[in-house]
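Let's walk through a metal site, some charge pairs and a patch of surface charge together. Please keep the structure open as you read.

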Amino acid sequence: MNDFLENGPMNPIKIQDNTFRDGHQSLLATRMRTEDMLPIAEKMDDVGFWAMEVWGGATFDATHRFLGEDPFDRLRTLKKHIKKTPLSMLLRGQNLVGYRNYADDVARLFVDKTCEAGIDIFRVFDALNDFRNFQTVVERIKANGKHFQGTICYSLTERRMGGDVFNLEYYLDKAKEIEDMGADTLCLKDMAGIMAPFDIAKLIVELKKTVSIPIHLHTHYTSGMASMVYLEAIKAGVDIIDTCLAPFALRTSQPAVEPMIASLYGTVRDPGFDLNALLELDEYMESIAPKYRDYLAKHRMSVIDTGVLAHQVPGGMISNLVSQLKEANALDRLPEVYREVAVTRKELGTPPLVTPTSQIVGVQSVLNVLFGRYKMVTNEVKDLVFGLYGKTPAPVDPDVQKKILKGYKRGETPVTGRAADYLEPELDNARKKAGDLVKDDFDLLIYALYPTTGEQFLKWKYGLEEKPPEIMPKTMDEIEREDKAVAEALEAVRKGRS
Ligand code: CO
């Protein structure tokens, strides 16, 4: 038998629950409402999770834009109900919870106010793994006495870890850099679900020799490897893993917590959770899930995306490529685009494929196939090549760089400093523009981060405009009426046939 897991000192695995953030962001377009979280908030708090990820990522955008909910209110409300378990958020470095780099004054205020509203742990990442894009937020996280979790985006250029960019040395160097920045924990973040079990086992063993801070693993089930990755990582000594409650797990979300608990039962890494308590929480999640079923992808039989195994292109990026090609009436050129993604990515400095670089590389690859290579270049690609997102993992191809920056408005010679050093302060201007609409710093941040949809939200919030019906929640009564109508229609078809 497996001596390692059954004998030796107890070392319970720590588990972070991601149901209220990545779970519904991955499966249900981030549409879960606060009112559906509250009935189980206290029970979730009792499970014994190391942390609960409840905020950040796309939730800030989705709450105010699609749900008419105040993102800061959600956080404050959850904090009232979840008192023991630390609350965690995903912070996109200098992009905060948006899709571009914000100026330092916005970043500082954002972290201060987020601490005030209830976040304890900040998982900070940068799409290029350029940690200079962490500096400003980390300074404020530390000043507020909160937990800084430094993140490495996991990426590949071939089927397994290795090659000349994303190899073992790359990850060990990055981990050292994060520890030197004063991180409390290190997170390996696999947004595309491309980690292979034995690569990760090896990486965890080597990381344990290199850094002394706890290691936290974040992956997605997308390719089908995630539960195997966790098991190998646990055997190799990883400290913390991310899971979701089963109804909001698997597919493109995280592995489910329940099978992990059952698998580890009685071993030295048993976290000691009450499985029956988790099953009760699952029942509740099943009961509210129908409200969101329209957002669940159900166009394929398979719950995993095996294509990811072959070309390492994240699932979300593939659907963007497909819809872009469809619009151009050129879906038959998808195989060409896959090949082009690999070439374009390399020429643009081999960025990890995560928001926003996945979109930047994807759109340019399609343009290259449809109109000829770099005949049309997006502004985002120009900015990336100019250095405005930070330093790419590998150098940008010099010929491509020259071609792209020819006549570029900011100049033809790329910059090499920290990205936000090229940005003017933004808050004063936002305050002036927003005027009376903004009542406090929380409002100001909503407006500064999302000027258009933020302004609209604030008008709803203060009753200056009525919320449109499409942002009001669907009730279970409505779901039942819909189901009844479908059943009646099917019955009519059946009768007509007989
Ligand atoms: Co994720």
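H218 counts as buried, at 0% relative accessibility, where buried means under 20% relative accessible area, exposed over 50% and partly exposed in between, with a 1.4 Å probe and protein chains only. Before going further, note that this is a predicted model, in which local features need pLDDT of at least 70, side-chain atom pairs count only at pLDDT 80 or more, and totals for chains, interfaces and linings use all residues. Residues are numbered from 1 along each chain as its sequence is written, and side-chain values use heavy atoms, with hydrogens and water left out.

**The metal site**

H218 (NE2) coordinates the cobalt ion together with D22 (OD) and H220 (NE2), at 2.1 Å. Donors are N, O and S atoms within 2.8 Å of the metal (3.2 Å for Na, K and Ca), and sites may look incomplete because water is not among the atoms. Along the sequence, the donor residues follow the spacing D-x195-H-x1-H. D22 lies in helix α2 (residues 19-27) and H218 in strand β7 (residues 215-219), so this pair ties together parts that are 196 residues apart in sequence. Helices (H or I, at least four residues) and strands (E, at least two) are DSSP runs, numbered from the N terminus. D22 is buried too, with a relative accessible area of 4%.

**Salt bridges**

The model has 33 salt bridges, each a side-chain nitrogen of Lys or Arg within 4 Å of a carboxyl oxygen of Asp or Glu.

E347 lies in helix α15 (residues 334-347) and R373 in the loop between α16 (357-371) and α17 (379-386), so their pairing ties together parts 26 residues apart in sequence. E347 is buried at 13% relative accessibility, while R373 is partly exposed at 32%. Salt bridges with shared partners also join R21, D22 and E53 into one network. As for the remaining pair in the table, K84 is exposed at 58% relative accessibility, and D46 is exposed at 53%.

**A patch of negative charge**

Which residues gather in a patch of negative charge on the surface? They are D274, E280, E283 and E286. Such patches are made of residues with over 30% relative accessible area and no salt bridge, with like charges joined within 9 Å and nonpolar side chains (Val, Leu, Ile, Met, Phe, Trp, Tyr) within 5 Å. D274 sits in the loop between α11 (257-264) and α12 (275-288), and D274 is partly exposed at 46% relative accessibility.

Methods
Areas by Shrake-Rupley, 256 points an atom, 1.4 Å probe, with all protein chains shown as cover. Lys, Arg positive; Asp, Glu negative; His and termini not counted. Charge placed at Lys NZ, Arg CZ, Asp CG, Glu CD.
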